[in-house]
Amino acid sequence: RKHLPMETYPIPMVPGPVKVSEPVLQAYLTNYGSGDIERDYADLYQRTQLNLQEIYATSNEMVIMTGEGMLALWSALKSTLQPGDRVLAVASGMFGFGIADMARSIGASVRTVDIPYNQTITDWQAVERGIAEFRPKMITVVHCETPSGTLNPLQRLGELKETYAVPLLYVDAVSSAGGTPLLTDQWKIDLCLGGAQKVVSAPAAMSFLSVSPRAWEIIEQVNYPGYDALKAFHGVGESGAFPYTPYWHGTAALFAATEAIVREGLENSFKRHADVAAYCRARLARIGLTLYPAASAVQSPTLTAVNVPEGIPWAELDARFRRQGLVVGGNYGPLANKVFRIGHMGTQANRALVEQACDVIEKAVQQG
Ligand code: PLP
């Protein structure tokens, strides 16, 4: 890496891990006892489940595990799929196609509905045709494609799942949950995956997902036994019988972070994200930068994906940002060096912070 190394960021704008607030950091400063023994830990786990249920608009059980987002993605696939099971991956970006590859790697028969990376689902006929012809056991989709800055609409997908009696709808909501409505029950989502270090704004230590009653039935049938298996988490909040040593510090931080969102009120959080996103995009337009998502795509309020301007190589632009204390997200795969991301999610969905970031971007782009 050629860039200026930095341990902490004066102007943090990476789309996860995001800046962690003081109360969340404070949650680490206790010498907790054993989560296997103390009922206090199970109570904390249950209170965290309740907060997450509110953020997810669901009455489904939330599973909370030690790990980060990918753990939720893998555990849900491995716990419900067997070799030969059919999976329809509605894919509009790096994570959508990546999930298709993950399902293939565990032996599933996968078909994709391909959507360009800068678009969101609009061709519902193609999606419906895929479901009707392929008759999948599971449909997978990503709510916010973080590399692209886009947000897929999910209501209709839930309706199609019901119409065609597809057993499982799997949604990656890692970078949307908490920053934009995520109507898990209304959208009929069976497995809804989240991570702590995005909008929730806790360290990258905890992974969580909602599991519907239908998904629990399938998990029982499949009976996957691995370290990342979901089966052993069913009902652990009540029983206190965790499958392995619980990470009390991590859960305490996740509780503090979710408590902040619930106290703020979800509607207020959604509005805060929408407002900073609108401000950021208006400023970028004035600076003369263009956005990566196509005009017809839905953009996520949790981050903005920006085209690297012609004439300034990404490494140079990144170096200019860093010299002013700003760190944004670069990109991967086909978007590497072409698109950068401003992560205004969670604690970073802050008007003053985004203004500061835009000031730096303006200077960096206009610098000769
Ligand atoms: N899914 C999406 C949409 C993401 O943006 C990310 C992380 O950037 C992940 C999954 C994986 O999360 P983690 O990096 O916490 O494992």
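Modeller: Let's start with Arg111, which counts as partly exposed at 32% relative accessibility in this predicted model. Which residue does Arg111 pair with? Its salt-bridge partner is Glu133, and the closest N and O atoms of the two are 3.2 Å apart. This pair ties together distant parts of the chain, since Arg111 belongs to strand β4 (residues 109–114) and Glu133 to helix α5, 22 residues apart. Glu133 counts as exposed, because its relative accessibility of 54% is over the 50% cut-off.

Now step back for a moment. Side chains of opposite charge can pair when their charged atoms come close. Over the whole structure, a search finds 15 salt bridges, so let's visit some others.

Take Lys137 and Asp85, whose closest N and O atoms are 2.8 Å apart in their salt bridge. Here too distant parts of the chain are linked: Lys137 sits in the loop between α5 (124–134) and β5 (138–142), while Asp85 sits in the loop between α3 (69–80) and β3 (86–91), 52 residues away.

Arg351 and Glu355 both lie in helix α12 (residues 351–366), four residues apart, which is about one turn of the helix. Their salt bridge brings the closest N and O atoms to 2.7 Å. Arg351 is partly exposed, with a relative accessible area of 46%, and Glu355 is also partly exposed, at 30%. Salt bridges can share partners too: Arg283, Asp359 and Glu362 are joined into one network that way.

The search finds one cavity of 30 Å³ or more, and the largest cavity holds about 70 Å³ of space. Its lining is made of 13 residues, with Tyr41, Ile64, Thr66, Phe233 and Pro246 nearest the centre. Two elements, α2 (39–56) and β2 (61–66), each give two or more residues to this lining, and β2 gives the most, with three. What kinds of residue make up the lining of the largest cavity? There are 11 nonpolar residues, two polar and no charged.

Technical notes:
Residues are numbered from 1 along each chain as its sequence is written. This is a predicted model: local features need pLDDT of at least 70, side-chain atom pairs count only at pLDDT 80 or more; totals for chains, interfaces and linings use all residues. Side-chain values use heavy atoms; hydrogens and water are left out. A salt bridge is a side-chain nitrogen of Lys or Arg within 4 Å of a carboxyl oxygen of Asp or Glu. Buried means under 20% relative accessible area, exposed over 50%, partly exposed in between (1.4 Å probe, protein chains only). On a 1 Å grid over the protein atoms alone, a cavity is a set of points where a 1.4 Å probe fits but cannot get out, and a pocket is an open set with protein on both sides within 12 Å along at least five of seven lines; lining residues have an atom within 4 Å of a point. Grid points are joined across faces, edges and corners, and a volume is the space filled by probe spheres set on the points. Ala, Val, Leu, Ile, Met, Phe, Trp, Tyr, Cys and Pro count as nonpolar, Asp, Glu, Lys and Arg as charged, and the others, Gly among them, as polar.
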